[in-house]
Amino acid sequence: MAQPPQWKAMYQYVARRAHDGCARVEESVAAARGALATPMVLDSRDAAGRCTLLHSAVTHVEHASDCLSGFIVSVVVAELLVLHGCGAVPSRPVASIGGLRRNRDDHDEWLALSRLEAAREHGQDALRGVEGAFTLLASVRFMLRSRTPDAAGRRQAMEEQLHAAAVELQAVVGSVANMSALAFLATQPAIRNRIQ
């Protein structure tokens with residue numbers, strides 16, 4: 001039995017790593033949402049006076065951002081492996097997914113590449129949402145550090161920022177679910193190869 005080309009083994013490795021990263025993103029977003037769902041976010045303080053739940057949410061959002069960035073990089077690497085692997089000469093890759101569509105022999109690669117591109121787009125959407133949530137949480141942290149954190153209306157403004165961050169993260173959940181499903185499908189053979 002012939003071994004698959006080396007690029008396909010590398011592609012499977014990179015695509016599986018990308019999919020595995022989705023679980024870390026899901027965990028971090030869930031933990032951040034859990035911290036923000038607590039009514040005591042602004043009132044939970046440690047001995048140093050730091051808001052522990054807010055700090056926890058910020059830390060989890062930063063971790064989600066790191067994991068999403070890693071996911072996007074892995075997907076881009078997998079896309080490049082497919083484009084190079086399907087080229088007549090590996091040093092001259094197929095220019096785009098459109099180049100694969102014309103060749104019926106590359107249907108599986110075209111399907112994987114389509115799924116990867118869609119997963120990357122969902123990952124980029126999720127990253128924008130995570131960055132938006134981080135900005136909102138950073139503004140709350142800034143308000144807490146100001147000289148007059150209890151000024152009139154300040155608490156309401158901070159609670160509104162926390163709510164907006166939670167809404168951002170809720171949207172991220174959907175993007176991450178789509179991203180994860182597409183990344184998983186990109187590691188699977190086309191259905192025509194599974195039905196014998």
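The model is predicted. The chain contains six helices and zero strands. Read along the sequence, its pattern is α-α-α-α-α-α. Of its 196 residues, 38% count as buried. The chain exposes about 11200 Å².

Helix packing is considered next. Two packed helices are described by the angle between their axes and by the distance between the axes.

Helix α4 covers residues 107-145, and helix α5 covers residues 154-185. Their axes lie 8 Å apart. The packing angle is about 165°. Angles over 145 degrees count as roughly antiparallel, and α4 and α5 are therefore roughly antiparallel to each other. The crossing of α4 past α5 is left-handed. The residues of this contact divide into 22 nonpolar, eight polar and four charged.

Helix α5 also packs with helix α2, which spans residues 52-85. The axes of α2 and α5 come within 13 Å. They cross at roughly 30°. Angles under 35 degrees count as roughly parallel, so α2 and α5 are roughly parallel to each other. Here, too, the handedness can be stated: α2 passes α5 in a left-handed crossing. On the α2 side, the contact is made by L54, V61, L68 and F71. On the α5 side, the contact is made by L162, L169, M179 and A183. By class, the residues of the contact of α2 with α5 are eight nonpolar, no polar and no charged.

The remaining pair is α1 and α4. Helix α1 runs over residues 6-37. The axes of α1 and α4 are 12 Å apart, and the helices pack at an angle of about 30°. The limit for roughly parallel is an angle under 35 degrees, and α1 and α4 are therefore roughly parallel to each other. Their crossing is left-handed. Helix α1 contributes W7, K8, Y11 and L36 to the contact. Helix α4 contributes E109, A112, L116 and L137. The contact of α1 with α4 has six nonpolar residues, no polar residues and two charged residues.

A165 has its place in helix α5. Its relative accessibility is 0%, so A165 counts as buried. Leaving out residues up to four places away in sequence, A165 touches L36, A133, L136 and L137. L36 is also one of the α1 residues in the contact with α4, and L137 is one of the α4 residues in that contact. A165 and V130 are 35 residues apart along the chain. Their C-alpha atoms are separated by 8.6 Å.

Two further residues belong to helix α4. One is L111. L111 has a relative accessible area of 19%. Buried means under 20%, so L111 is buried. In sequence, L111 and A186 are 75 residues apart. In space, the C-alpha atoms of L111 and A186 are 7.6 Å apart.

The other is L113, which also lies in helix α4. Its relative accessibility is 1%, and L113 therefore counts as buried. L113 and E79 are 34 residues apart along the chain. The separation of their C-alpha atoms is 6.1 Å.

Methods: Residues are numbered from 1 along each chain as its sequence is written. This is a predicted model: local features need pLDDT of at least 70, side-chain atom pairs count only at pLDDT 80 or more; totals for chains, interfaces and linings use all residues. Side-chain values use heavy atoms; hydrogens and water are left out. Helices (H or I, at least four residues) and strands (E, at least two) are DSSP runs, numbered from the N terminus. Buried means under 20% relative accessible area, exposed over 50%, partly exposed in between (1.4 Å probe, protein chains only). Accessible areas come from the Shrake-Rupley method with a 1.4 Å probe; for residues, only the protein chains shown count as cover. Axes are lines fitted to C-alpha atoms, for helices over the stretch in contact, and angles run from 0 to 180 degrees between N-to-C directions. Angles under 35 degrees count as roughly parallel, over 145 as roughly antiparallel, 65 to 115 as roughly perpendicular and the rest as oblique. A crossing is left-handed if the near helix is turned anticlockwise from the far one by less than a right angle, and right-handed if clockwise. Contact means heavy atoms within 4.5 Å. Ala, Val, Leu, Ile, Met, Phe, Trp, Tyr, Cys and Pro count as nonpolar, Asp, Glu, Lys and Arg as charged, and the others, Gly among them, as polar.
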